[in-house]
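Trainee: I would like to learn how to read a few features of a protein model. Where do we start?

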Amino acid sequence: MIWEGISCTTSFDEEIPLELASSEVEVIQGTLKVNSFDKYEDLITGKEKLSFRDFNSFQKGLDELKQSGDNLRISQEEYNEITAWEGSTLLELLDQDGFIILEDYLIYLNFNNRTAVVSTDLNLKDEILAGDISSESIRLFKFEDDVIGLLEINSPSTVEKASYNARILNSFNPSAATVSAGCRWDKCDNSQYFNDPFNGDILGIAYSGGSFRYRLDAKHVYDAAAISFRLFSKAKHMRKPEDGSVVWTATSTTLYLFWDYEFLSKKSGSTLQKSMSQSNTLNNELEATFYSSSRGLEKFYLRSQFYGEPGGIHGYSPSGAFWQFNLQQIDKGY
């Protein structure tokens with residue numbers, strides 16, 4: 001679920017039982033499968049114990065990453081949520097990504113937004129890990145819900161899918177500040193604002209200790225090179241030690257991009273194109289290319305809003321600061 005460098009499983013077709021204490025429990029493609037809710041009750045309450053020789057549990061991954069001091073892909077809030085369960089049977093039963101299979105249900109515990117993702121399609125691990133919960137077989141429940149009881153009565157979701165992917169936000173903020181200094185008709189970026197207390201660099205703390213400066217480099221551009229033209233928006237998250245170092249290092253974090261554009265290409269037969277939408281990722285970069293062609297644009301406008309969490313997998317802001325700002329509109333022919 002949250003660790004850097006985890007290998008993802010894309011198929012549960014091949015079953016690989018291990019030498020476990022019960023025939024009702026097996027490991028399938030790295031995920032524990034408990035064949036009945038009653039057996040799971042015995043396990044989670046400690047009435048029955050299993051010996052996991054080769055099982056990579058969530059607890060094992062947490063232990064290894066705490067020792068290494070880096071590579072956590074989590075916010076401070078999520079780290080607190082996980083460590084509240086440290087040493088529990090639950091983390092011993094979850095696989096390294098936060099999955100378990102109970103009866104015919106693939107269950108993923110998202111500690112970031114305290115949501116249980118449930119599906120009867122056992123091959124959706126990769127999609128769920130990527131935040132794609134669009135499948136009709138997926139239901140969402142709150143941590144506070146009695147999920148096993150709800151599954152027994154075939155209850156629908158208790159969490160709206162539209163709100164799942166955003167711990168802090170999932171929609172455009174109309175009151176966000178707008179960066180305008182140094183912008184031209186064909187390009188705008190926030191480079192003039194790196195020292196701004198609201199949109200500039202944010203001082204934070206690494207999970208392994210030490211002070212770091214985090215930066216969100218954001219821009220939207222109409223690139224024109226005679227025989228190649230692009231219209232795009234891009235964000236990049238970076239860090240450097242707060243000790244005078246001049247080297248910035250790309251670091252993955254939660255990034256959102258919201259856009260509103262309209263353009264008309266010079267290509268013969270082109271029609272006016274419009275879009276208002278968004279994209280997000282857990283990475284060091286997020287880019288959206290809206291137009292790419294050998295022909296230029298007759299006219300266009302592009303508005304972009306950016307959101308980013310400082311630190312990401314590396315650290316966090318002790319004050320809870322984050323970035324959310326607009327770039328001044330770029331346009332031609334409007």
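Mentor: With a term: a pocket is an open set of grid points with protein on both sides within 12 Å along at least five of seven lines, and its lining residues have an atom within 4 Å of a point. Bear in mind that this is a predicted model.

Trainee: Which element gives the largest share of the lining of the second largest pocket?

Mentor: Helix 4 does, with three residues. The pocket has a volume of about 490 Å³. Its lining has 20 residues, and Y40, L90, L109, F143 and V147 are the closest to the centre. Elements that give two or more residues to this lining include helix 1 (37-44) and strand 4 (105-110).

Trainee: How should I read a sheet?

Mentor: Strands of a sheet pair through backbone hydrogen bonds, either parallel or antiparallel. Here, an open sheet of five strands has the order 7-18-16-13-14, and the pairing is mixed.

Trainee: Why is one side of strand 7 and of strand 14 left without a neighbour in the sheet?

Mentor: Strand 7 (177-179) and strand 14 (273-283) are at the edges and have a single partner strand each, so one side of each has no neighbour there. From one strand to the next, the twist averages 20°. Strands 13 and 16 run antiparallel and are joined by 11 bridges; W259 has S304 in strand 16 as its bridge partner.

Trainee: Which residues touch the most other members of the largest nonpolar core?

Mentor: L231, F263, F290, F306 and F325, out of 31 residues. Beyond its neighbours within four places in sequence, F290 contacts several residues, among them L231, W259 and F263. A second, separate core has 28 residues, including L43 and L109.

Terms used
Residues are numbered from 1 along each chain as its sequence is written. This is a predicted model: local features need pLDDT of at least 70, side-chain atom pairs count only at pLDDT 80 or more; totals for chains, interfaces and linings use all residues. Side-chain values use heavy atoms; hydrogens and water are left out. Two strands pair if DSSP finds at least two bridges between them. Helices (H or I, at least four residues) and strands (E, at least two) are DSSP runs, numbered from the N terminus. Axes are lines fitted to C-alpha atoms, for helices over the stretch in contact, and angles run from 0 to 180 degrees between N-to-C directions. A nonpolar core is a set of buried Ala, Val, Leu, Ile, Met, Phe, Trp, Tyr and Cys residues joined through side-chain atoms within 4.5 Å. Buried means under 20% relative accessible area, exposed over 50%, partly exposed in between (1.4 Å probe, protein chains only). Contact means heavy atoms within 4.5 Å. On a 1 Å grid over the protein atoms alone, a cavity is a set of points where a 1.4 Å probe fits but cannot get out, and a pocket is an open set with protein on both sides within 12 Å along at least five of seven lines; lining residues have an atom within 4 Å of a point. Grid points are joined across faces, edges and corners, and a volume is the space filled by probe spheres set on the points.
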